[in-house]
Structure formats: C-alpha cells, structure tokens
Amino acid sequence: DNFTIINTLIQATYWGNNTSHSPFLLSSTFDNYGGYGQKVAISPNDDLVALAIGNVVSIWSRESGKRLKILREHKHLVLGMAFSPDGKSLATGSFDGSVKLWDIERGNTYINLIGHESSVEDVSFSPDGKLLATCSRDNSVIIWNLELKKAVKTLKGHTDYIWDVAFSPDGEKVATASSDRS
C-alpha cells in the first residue's frame with residue numbers, strides 16, 4: 001500500500017512501501033489559493049500523482065518527482081478528484097458545481113458535466129470506467145454515463161450535504177457519506 005501525507009502548506013509527500021520508492025515532495029506555489037481545497041489522487045498504475053490546490057490541479061511523475069502538467073479550468077476550489085481505472089483520465093469536481101474530465105496526456109478537458117445545484121464534493125469512477133458518480137452539497141448523487149456525456153440517474157434521499165461517494169467493486173451500487181449521519 002502507498003501512503004500519502006498531506007501537509008497544510010500547499011504540499012504533499014508521496015511515500016512508497018518499499019525502498020525502491022523514495023519519498024518525494026510535491027510542492028506548488030500557485031498565487032491566491034491559500035492552500036484550501038487540497039486533494040490528492042494516485043493513478044491506478046502508480047506512475048502519476050495528482051495534487052489539487054485551490055482551482056488548479058498539477059500532475060506529477062512518481063518516477064521522477066517532476067511536475068508534468070498543470071490543469072486550470074475550474075473557476076473555484078477543486079473538492080473531489082479521481083483517476084479513471086485505466087489511468088488515462090482524471091475527473092475533478094469543484095465548488096463551482098462543475099465536473100470536468102481531463103485527458104492526462106494532453107492536459108485538457110474533454111467532457112464538462114453540469115447538473116448539480118451546489119458544489120461537487122467528490123467523484124468516483126465505476127470499476128469499468130463507463131460511469132462516474134458525483135455527490136454534492138445539494139444532497140444528491142448523479143450517475144453519469146461518460147460515453148453519452150449525460151446524467152442517467154439522480155439519487156436523492158439524504159437530508160444534508162453528501163461529502164463522499166464510492167462505487168462497489170462490482171459497479172452495481174454506490175455508497176455515500178452525508179452530514180445527515182445516514
């Protein structure tokens with residue numbers, strides 16, 4: 001297992017579980033973001049680390065420890081982030097209510113999803129990468145079909161903010177964590 005420690009001053013440290021992976025510091029100096037909205041994600045094949053600070057995401061090489069890309073299209077804080085199962089895409093959810101899918105190699109968005117009425121707190125890919133679940137402070141979960149680029153189901157039932165969402169290993173269910181304690 002890999003362990004990631006998030007520091008409060010706009011940096012993260014990547015730790016491996018064996019001696020071939022030396023820890024390295026991911027540090028970004030983006031003006032006017034104050035370190036808020038920090039998120040980190042590791043690609044499925046363990047070669048990339050994404051670090052979100054404010055509304056900017058930087059992609060880092062685990063091998064070299066160097067920043068490869070800077071992704072800047074959100075208007076507000078990035079709150080949720082996940083790599084696709086094949087590691088070729090990154091999904092981000094933002095305080096601005098938008099969800100973006102990024103082509104990691106090109107460093108640009110290829111899908112913009114709008115559907116939540118409030119900030120998008122978390123994102124989760126289905127195991128096959130065909131669906132994306134997003135959750136929001138609007139108390140809903142939206143399941144998106146990425147091939148069709150549209151919402152296929154909206155789940156409502158929580159009475160307060162939903163902070164986290166995850167697909168089950170078989171892709172048939174989603175689990176959520178909410179402020180309503182359910």
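**View 1. Lys149 and its contacts from elsewhere in the chain.** Once neighbours within four places in sequence are set aside, Lys149 is in contact with Tyr110, Ile111 and Leu113. The model shown here, as in every view below, is a predicted one. Lys149 itself is placed in the loop between β14 (140-145) and β15 (150-156).

**View 2. Asp103, a buried charged residue in strand β10.** Asp103 belongs to strand β10, which covers residues 98-103. Although Asp103 is buried, it has no salt bridge, and the nearest side chain of opposite charge, that of Arg106, is 4.1 Å away. With neighbours within four places in sequence left aside, the residues in contact with Asp103 are Lys88, Asn108 and Tyr110.

**View 3. The hairpin of strands β4 and β5.** Strand β4, made up of residues 39-42, pairs with strand β5, made up of residues 48-53, in the antiparallel sense and over four bridges. Within this pairing, Ala41 has Ala50 in β5 as its bridge partner. Five residues lie between the two strands of the hairpin, where Asp46 takes a positive phi near 70°.

**View 4. The aromatic pair of Tyr161 and Trp163.** A search of the whole structure finds one aromatic pair. This pair is formed by Tyr161 and Trp163 in an edge-to-face arrangement, with 5.3 Å from centre to centre and 85° between the planes. Tyr161 has a relative accessible area of 33% and is therefore classed as partly exposed. Trp163, with a relative accessible area of 34%, is likewise partly exposed.

**View 5. The whole chain, as context for the close-ups.** The protein chain contains 17 strands and zero helices. Of its 182 residues, buried ones make up 48%. The accessible surface of the protein chain comes to about 9,600 Å², and carbon and sulfur atoms account for 48% of that surface. Where contacts between residues at least 6 apart in sequence are considered, 37% of them join residues at least 24 apart.

How values were computed:
Residues are numbered from 1 along each chain as its sequence is written. This is a predicted model: local features need pLDDT of at least 70, side-chain atom pairs count only at pLDDT 80 or more; totals for chains, interfaces and linings use all residues. Side-chain values use heavy atoms; hydrogens and water are left out. Two strands pair if DSSP finds at least two bridges between them. Buried means under 20% relative accessible area, exposed over 50%, partly exposed in between (1.4 Å probe, protein chains only). Lys and Arg count as positive and Asp and Glu as negative; His and the chain ends are not counted. A salt bridge is a side-chain nitrogen of Lys or Arg within 4 Å of a carboxyl oxygen of Asp or Glu. Contact means heavy atoms within 4.5 Å. Rings of Phe, Tyr and Trp (its six-membered ring) pair if their centres lie within 6.5 Å; planes under 30 degrees apart count as stacked, over 60 as edge-to-face and the rest as tilted. Accessible areas come from the Shrake-Rupley method with a 1.4 Å probe; for residues, only the protein chains shown count as cover.
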